[in-house]
Amino acid sequence: PEPRRVSTSLAPPPAPPAPPARVAPDAPPVVPLWQIMAGHVAFMASHALLTVNAMWLVPMLVRLRFGSDDAGIRDWQTFVVTAAVPTFMVFSIFWHELLRRLTTRQYLVAYILAAVLPLGGLGLAQTYTQLLLLHIVAAAGAGSWTPLSGKLLRHFYSDRHYGRAYGVLNVAALVTGIVSVYAVGRWLEARPDAFRVFLPAAAAVQVAGAAILAYLVACTRMPEERGTGAGRSWRQVVEPILRLGSVLKTDRTFRRYEIAFMTYGAAFMICDALLPILATTGLGMRYEEYAHSTQMMARVAMLIATMPMGWIHDRIGPVRTSGLAFGVLVLYPLLLAAATGMRGLSMASVVWGVGLAAVQMGWMLGPVVLAGSRERVPQYVAIHATLVGLRGIVFQCFGIVLYKLTGSFTWPLIGAAVLFLHACVQMYALQRDLGRQPAGLPRA
């Protein structure tokens with residue numbers, strides 16, 4: 001028989017199989033999608049309750065309560081408050097920089113302090129100056145929401161479902177807006193001081209909504225991009241602007257997308273500046289008629305069109321969806337110019353709502369898609385929102401000046417229709433050059 005061999009190797013015997021790995025106690029919990037959606041919807045509803053009503057209420061408070069007795073001065077006072085919101089969107093790029101340096105929950109606290117509490121404080125205003133100062137602070141803070149919104153959308157939902165998820169969120173905001181605008185309009189008509197109760201209460205509701213959102217962020221363990229916060233220099237102040245210029249210079253597709261949106265935004269700002277003046281001076285409306293024929297009718301139309309537009313976006317992409325929206329909106333300023341009463345203004349608002357249902361898809365989801373990576377989404381959304389401020393500064397003033405020079409709403413509104421049409425042409429030219437891809441855009 002063969003002699004038995006004895007191993008002289010000093011190697012240790014093979015280790016026994018490792019036990020199954022156990023999840024660490026602090027592993028991120030699995031949060032069902034329906035819970036994420038429910039919490040996100042609750043926040044969007046609270047957001048709409050405050051911001052939607054503040055946007056129409058502040059100009060009307062100027063027109064009917066806090067403005068000058070001189071009609072000419074009151075027109076410019078109205079222009080200042082309507083221009084403040086888009087103008088201060090230029091700070092969005094700086095808000096994005098702050099988002100890089102804070103955790104999401106810390107950033108939500110900053111958002112509440114800068115945007116929510118000042119709107120609640122509007123209920124305490126006694127003069128136009130006080131109203132304007134609080135409104136400007138809130139307008140500067142409003143830009144903080146856009147970069148965070150893009151970050152949350154990209155974190156919570158899959159790439160294939162942006163349009164539908166965003167549609168559900170907007171439906172929640174629209175339903176809240178419709179119901180609250182109707183109720184607040186009637187409440188103010190009966191009790192002109194009702195805004196002193198409503199605005200602080202709505203601000204408190206939004207703080208509660210932000211707390212829910214902070215809880216979701218903690219549960220889903222959102223990855224945080226923490227920029228270096230040490231040291232302060234002039235370079236840190238201008239760096240976001242330099243990055244904005246660099247992105248627009250190197251990303252040709254995104255630059256052309258922004259140029260088309262700039263053209264659309266010019267028309268938007270002309271209509272936005274003239275609407276409260278047209279409704280009050282031109283058509284003699286008060287709180288309830290204005291709220292119902294503009295804000296409520298537009299949001300009812302948006303509610304009906306939002307989910308179909310989300311479905312369309314997920315199939316044809318943000319470029320063609322935006323082009324479709326701009327084409328529809330050509331009718332809006334023409335109907336405003338032809339309006340002679342509440343019915344005409346309501347018809348214009350319906351067209352406005354249908355167009356905006358498509359615009360909101362391209363407005364938010366275009367930068368989300370074009371960014372290419374999750375890390376760049378907040379920056380692209382912030383750049384997009386910052387450029388809103390630039391067109392707000394220029395074209396709201398242009399609309400008012402043209403109205404004053406001609407003594408008519410017709411000519412600035414015809415100009416707005418031409419700009420909407422040109423923006424539509426620009427978007428379809430961009431899509432043609434991209435090869436008419438149905439979804440997902442190539443980088444240029």
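**Salt bridges, cysteines and a surface patch**

At a relative accessibility of 33%, Arg65 counts as partly exposed; that class lies between buried (under 20% relative accessible area) and exposed (over 50%), using a 1.4 Å probe and protein chains only. The model is a predicted one, so local features need pLDDT of at least 70 and side-chain atom pairs count only at pLDDT 80 or more, while totals for chains, interfaces and linings use all residues. Residues are numbered from 1 along each chain as its sequence is written, and side-chain values use heavy atoms, with hydrogens and water left out.

As for the overall fold, the chain has 15 helices and zero strands. These are DSSP runs numbered from the N terminus, with helices being H or I of at least four residues and strands E of at least two. Of the 444 residues in the chain, 54% are buried. Contacts here mean heavy atoms within 4.5 Å; among those between residues at least 6 apart in sequence, 85% join residues at least 24 apart. The areas come from the Shrake-Rupley method with a 1.4 Å probe, and for residues only the protein chains shown count as cover.

Next come the charged pairs. Side chains of opposite charge can pair when their charged atoms come close. With a salt bridge taken as a side-chain nitrogen of Lys or Arg within 4 Å of a carboxyl oxygen of Asp or Glu, the count comes to eight. One of them pairs Asp193 with Arg65, with 2.5 Å between the closest N and O atoms. Asp193 sits in the loop between helix 7 (162–190) and helix 8 (195–219) and Arg65 in helix 1 (residues 33–66), so this pair ties together parts that are 128 residues apart in sequence.

Asp433 takes part in salt bridges with Arg256 and with Arg432. The bridge to Arg256 has an N to O distance of 2.9 Å. That pair links distant parts of the chain, with Asp433 in helix 15 (residues 410–433) and Arg256 in helix 10 (residues 252–282), 177 residues apart. Asp433 is partly exposed at 45% relative accessibility. In its bridge to Arg432, the closest N and O atoms are 3.6 Å apart, and Arg432 is partly exposed too, at 49%. Elsewhere, salt bridges that share partners join Arg63, Asp75 and Lys404 into one network.

On the cysteine side, a disulfide is a covalent bond between the sulfur atoms of two cysteines. With the cut-off set at cysteine sulfur atoms within 2.5 Å, the count is zero. Cys219 is buried at 13% relative accessible area, and Cys271 is buried at 1%.

Finally, the surface carries a nonpolar patch made of Leu331, Leu334, Trp411, Ile414 and Val418, together about 490 Å² of accessible area. Patch members have over 30% relative accessible area and no salt bridge; like charges are joined within 9 Å, and nonpolar side chains (Val, Leu, Ile, Met, Phe, Trp, Tyr) within 5 Å. Helix 12 (331–338) and helix 15 are the elements that give two or more residues to it, with helix 15 providing the largest share, three residues. Val418 belongs to helix 15 and is exposed at 51% relative accessibility.
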